[in-house]
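Please read this report alongside the coordinates, keeping in mind that the model is predicted.

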Amino acid sequence: MSSTLLTGIAELTTFATDGPDVLERAALVMEGSTVAWVGPEAEAPDADERVDLGGRAVIPGFVDSHSHLVFAGDRSAEFTARMAGEAYAAGGIRTTVAATRAATDEQLTAHVGRLVQEMRRQGTTTLEIKSGYGLTVRDEARSLAVAAQFTDETTFLGAHVVPEGDPAAYVELVTGPMLDAAAPYARWVDAFCETGAFDVDQARAVLEAGRAHGLRGRLHANQLGPGPGVRLAAELGLVAVDHCTYLDDADVDALRDSGTIATLLPGVEFSTRQPYPDARRLLDAGVRVAIASDCNPGSSFTSSLPFCVALAVREMGMTPTEAVRAATATGAAALDRDDVGVLEPGRRADLVVLDAPSHVHLAYRPGVPLVSSVWMGGRPLTPFS
Ligand SMILES: [Zn+2]
């Protein structure tokens, strides 16, 4: 197995289990696909190959734990209308559902491929992809089959919105034949627990049916207003509950006590002009916080975790280090992954080299393409693929 020594790292953000989050004038050795050594450059061991990064910063590859990449169609007109003052409503999803059902598997696969490439260029090395724009047995199963070509972290979200007809009958379909067809392609099951989507009993039924098929639960909750979804996630011991914009003190206590990660999605608040979730309140209460893109055509069509990091710092009260941790180490935890998100011996050598001396520049220089190179499994992605 060949080894590569990266030198000239002005600042190495590791989020190592033990030791400081950040090392200055550091080096890193990769052996095969894993990290073998990190430490001060002056103490670096020898390796087969040497790459001088010229004073750049290195961070773990971003882990985007929440995205909806399998879709077709364009909703830029809806965005324009919303920016002109129209309210955001969950029902806009239905326009994407119609376009997704009409698309071929090849069209869906090509579109997901383009978005994944876009993510890679911005430093995302691990991502989750949900279904949820098919909403029929056939279209949910094929959406997940497409997603599974790009990641192991696939999530069945048949309970995204009620497409038509009686909600109770639709939940029967989701927890019955649709789940049977989707489960072979999915690791996770999710539901949109919100007024206008699924109530808490329906969300519970979906998560429990998924669990009976071997799928682990995650939840969209408390995005558009207060509700019982976050406490359901805590009660069921889910690894993560996503959005968490409208929380009362009991919700915050429940998240802290259960250890359920609050995944915040600031691209949504940016794109819908809603109030941002209060990350500072959650962190100060001892809740673990992740951030993710929620990349989707309706409420957050960004694939950029650097942008989300900048928003988290500017709008949600996080420090730059907290925001980068939330998009790497805690994002990995939100997918229950202990092989990525951290740079220490034994982890996958997934990392991002920044054209900047420090990770702080991700927030300090918003909108600037700072990603110099991306390494996955110990190899540079050049050209990005
Ligand atoms: Zn979402």
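## Nonpolar core

The largest nonpolar core comprises 125 residues, and those with the most contacts inside it are Leu 28, Val 58, Val 309, Ala 312 and Ala 323. Helix H11 (residues 305-316) supplies the largest share of this core, eight residues, while at least three residues are drawn from each of domain 1 (3-61 + 341-380) and domain 2 (62-334).

Leaving aside residues up to four places away in sequence, Ala 323 touches Ile 291, Val 309, Ala 312, Val 313, Met 318 and Ala 363.

## Packing of H5 and H6

Helix H5 (residues 167-182) packs with helix H6 (residues 200-212) at an angle of about 10°, their axes lying 9 Å apart. Because angles under 35 degrees count as roughly parallel, H5 and H6 are described as roughly parallel to each other. H5 passes H6 in a right-handed crossing, and the contact is made by Val 171, Val 174, Thr 175 and Leu 179 from H5 together with Gln 202, Ala 205, Val 206, Ala 209 and Gly 210 from H6.

## Positive phi in two loops

Most residues other than glycine have a negative phi. Leu 135, although not a glycine, has a positive phi of about 60°, and this residue is found in the loop between strand S6 (124-130) and helix H4 (137-147). Leu 135 counts as buried because 26 C-beta neighbours lie inside 10 Å.

Arg 273, also a residue other than glycine, has a positive phi near 55° and lies in the loop between helix H9 (266-272) and helix H10 (279-284). With 11 other C-beta atoms within 10 Å, Arg 273 is exposed.

Terms used. Residues are numbered from 1 along each chain as its sequence is written. This is a predicted model: local features need pLDDT of at least 70, side-chain atom pairs count only at pLDDT 80 or more; totals for chains, interfaces and linings use all residues. A nonpolar core is a set of buried Ala, Val, Leu, Ile, Met, Phe, Trp, Tyr and Cys residues joined through C-beta atoms within 7 Å. A residue is buried if 20 or more other C-beta atoms lie within 10 Å of its own, exposed if 12 or fewer, and partly exposed in between; C-beta atoms are placed from the backbone. Helices (H or I, at least four residues) and strands (E, at least two) are DSSP runs, numbered from the N terminus. Domain bounds come from an automatic or database domain assignment. Two residues are in contact if their C-beta atoms, placed from the backbone, lie within 7 Å. Axes are lines fitted to C-alpha atoms, for helices over the stretch in contact, and angles run from 0 to 180 degrees between N-to-C directions. Angles under 35 degrees count as roughly parallel, over 145 as roughly antiparallel, 65 to 115 as roughly perpendicular and the rest as oblique. A crossing is left-handed if the near helix is turned anticlockwise from the far one by less than a right angle, and right-handed if clockwise.
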